[in-house]
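My notebook is open and I have some looking up to do. I'll start with a metal site and then move on to charged side chains.

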Amino acid sequence: MTPKAPRKAATAPSAMTAAEAVVATLIAHGLDSIYALPGLQNDLLFDALFRFSDRLRTVHTRHEQGAAYMALGAALATGKPQAYAVVPGPGFLNSAAALLTAYSMNAPVLALIGQIPQADIGRNLGHLHEIRDQDGIIERLVDHSARIRRPREASRATASALRAMRMGRPGPAALECAIDVWGQSAQITVQGPLPTDGPKVDSAAIRRAAKRLGAAKRPMIICGGGAQDAAEEITALSAMLQAPVLGYRRGRGVLDSRDPLSVTLPVGRELWGEADVVLAVGTRLLIQFRQWGTDRDLAVIRVDAHPEEHDRLHRPAVALTGDARPTLQRLVAELPSHNGRRAPRRDEMQERQARWRKRLEKLAPQIAFLDAIRAELPEDGIFVDEVTQVGFAARLAFPVYKPRTFLSPGYQDPLGWGFATALGAQYARFDVPVVAITGDGGFMYTAGELATAMLHRIPLTTIVFNDGAFGNVRRIQQERYGNRLIGSELANPDFVAFAKSFGAGAVRASTPEELRRALRRTLADRSGPSVIEVPVGAMPSPWEFIFMDKIRGK
Ligand SMILES: Cc1ncc(C[n+]2csc(CCOP(=O)(O)OP(=O)(O)O)c2C)c(N)n1
Ligand SMILES: [Mg+2]
């Protein structure tokens, strides 16, 4: 018999196993998929997934890295919590790079991790997949983790983990459960979403922030990943203040790139050098403070969900703790009483952007491919970045029109994240096309997941820029290490034949025009995955636009 999962809050208790309680709780929280790879310790969890398969789809992958990155991609594309399940020891460690990336990106990903028999945990007996101090390792990777020790804890523990993932600064959580505990039964009440009390908006601080911004002569806004759900508010503030909005990587798409006030890194640095008040939303400001510098003439107003973030590097003039959206809604309401009419900065910004576009022509080979992608990818299509030459240029120059449509992996920059993350994004957002770009190096990390894409018919388009090398590393060895090339050349499969052998669509495109034509066909085909191989040579270095000198406090 299938236990009924309630739609909203807790219902009357019924007999179920710990595994069933966890699955029913995921469903009660609105999850509709779980990314997973099975194995002995989790057989009973999978049996529960079988029973609930009409309400929660199990997407199994070929490697735990793929499962965890898919959950991450689904979380980033939707903004909603996602889950993955793996066996302990090697299964858990295989997923760890993705879990670490989820932590760095504040992405709500729940890891369900198996365990050896409860009574033997910590005894080092040599059980299958036993690992010393698994919970200690997990604890270092996420802010919230727990072990389900008995079935009646299972639902509440799951709901608590899901609450922790969205409360304050969002992020991943992990739950362990031992092989023998998954199958134990009890009378269980399935727990619905627990309340998340955000911090009360500090009205006095809102007023101080509004006064500062209203009086600013050269205000500027900087968005990080924490601003993705506050696009409307930031667009309104930008218009009221005529303040340029800088988004780099995780903050891109908050203000539409077509708005002349929307800027990326190089223009942003110039503006940082001139600004008197900066409103920083959901960003660590590491580049600004560590590379670009600061001085006493600059007042920074920070909005962050995590109070400890405010003064890690410098004490802000005003600190607003809370989710960006409700906090900025208050600021939008308060600002008009302190802000006068401002001269439009449209022409000035267009002139600045044109000047930088000229300098960015140094990256013309990369930008020509990006232009081809932008021309074919619809406005709400999702672009997934990688640690590759065209990716570095995309972070600076790919126009992004909407929030959550430019997925870039933040400070971990883990090579190989892109393809599997994009699969998760495409699975969770079946309604829009997703394009992943990768290098030949990065693609091969998870290329086996083409089998997953075929099985689950995931219509992702992946562009593999093939230069036969860890090109980034090779260029550094050429330029800084006297051309002593070591560990940077790659032997590759024929990517077209390789993708075709899975049954995927595959073509080779040698020029931006050919790429554009190929994309038009693959984006129209929603039946399954496609790979476009683009053979390329060495590409010009982007670093002068990314690692720039100090501009303040010299
Ligand atoms: C997990 C991980 N390992 C190693 C690196 C270091 N790294 C950065 S770029 C790169 C090479 C990328 O090669 P490829 O994917 O072919 O892209 P290309 O630079 O050739 O365009 C490496 C090894 C990394 N960022 N992440
Ligand atoms: Mg390469």
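This is a predicted model: local features need pLDDT of at least 70, side-chain atom pairs count only at pLDDT 80 or more; totals for chains, interfaces and linings use all residues.

**Entry 1: the metal site**

Asp440 (OD), Asp467 (OD) and Ala469 (O) coordinate the ion, at 2.0 to 2.1 Å. I wrote the spacing of these donor residues in sequence as D-x26-D-x1-A. Next I checked where the two Asp residues sit. Asp440 is in helix H17 (residues 440-443), while Asp467 is in the loop between strand S18 (461-466) and helix H19 (471-480). They are 27 residues apart, and the pair links distant parts of the chain.

Are Asp440 and Asp467 buried or exposed? I looked it up, and both are buried.

**Entry 2: counting salt bridges**

How many salt bridges are there? My count comes to 36.

**Entry 3: Glu274 and Arg352**

Glu274 makes a salt bridge with Arg352, and their closest N and O atoms are 2.6 Å apart. Why did I note down the helices here? Glu274 belongs to helix H10 (residues 265-274) and Arg352 to helix H13 (residues 346-359), so this pair ties together parts that are 78 residues apart in sequence.

Then I checked accessibility for both partners. Arg352 has a relative accessible area of 8%, so I put it down as buried, the cut-off being under 20%. Glu274 comes out at 31% relative accessibility, which counts as partly exposed.

**Entry 4: Arg315 and Asp311**

Here I looked at Arg315, which forms a salt bridge with Asp311. The closest N and O atoms of this pair are 3.5 Å apart. Arg315 has 72% relative accessibility, so I marked it exposed, since the cut-off is over 50%. Asp311, with a relative accessible area of 39%, went down as partly exposed.

**Entry 5: Asp431 and Arg429**

My last pair was Asp431 and Arg429. Their side chains meet in a salt bridge at 2.9 Å, N to O. Which label does each one get, exposed or partly exposed? Asp431 is exposed, at a relative accessible area of 56%. Arg429 counts as partly exposed, at 24% relative accessibility.

Key
Residues are numbered from 1 along each chain as its sequence is written. Chains are lettered from A and ligands numbered from 1 in the order in which they are written. Side-chain values use heavy atoms; hydrogens and water are left out. Donors are N, O and S atoms within 2.8 Å of the metal (3.2 Å for Na, K and Ca); water is not among the atoms, so sites may look incomplete. Helices (H or I, at least four residues) and strands (E, at least two) are DSSP runs, numbered from the N terminus. Buried means under 20% relative accessible area, exposed over 50%, partly exposed in between (1.4 Å probe, protein chains only). A salt bridge is a side-chain nitrogen of Lys or Arg within 4 Å of a carboxyl oxygen of Asp or Glu.
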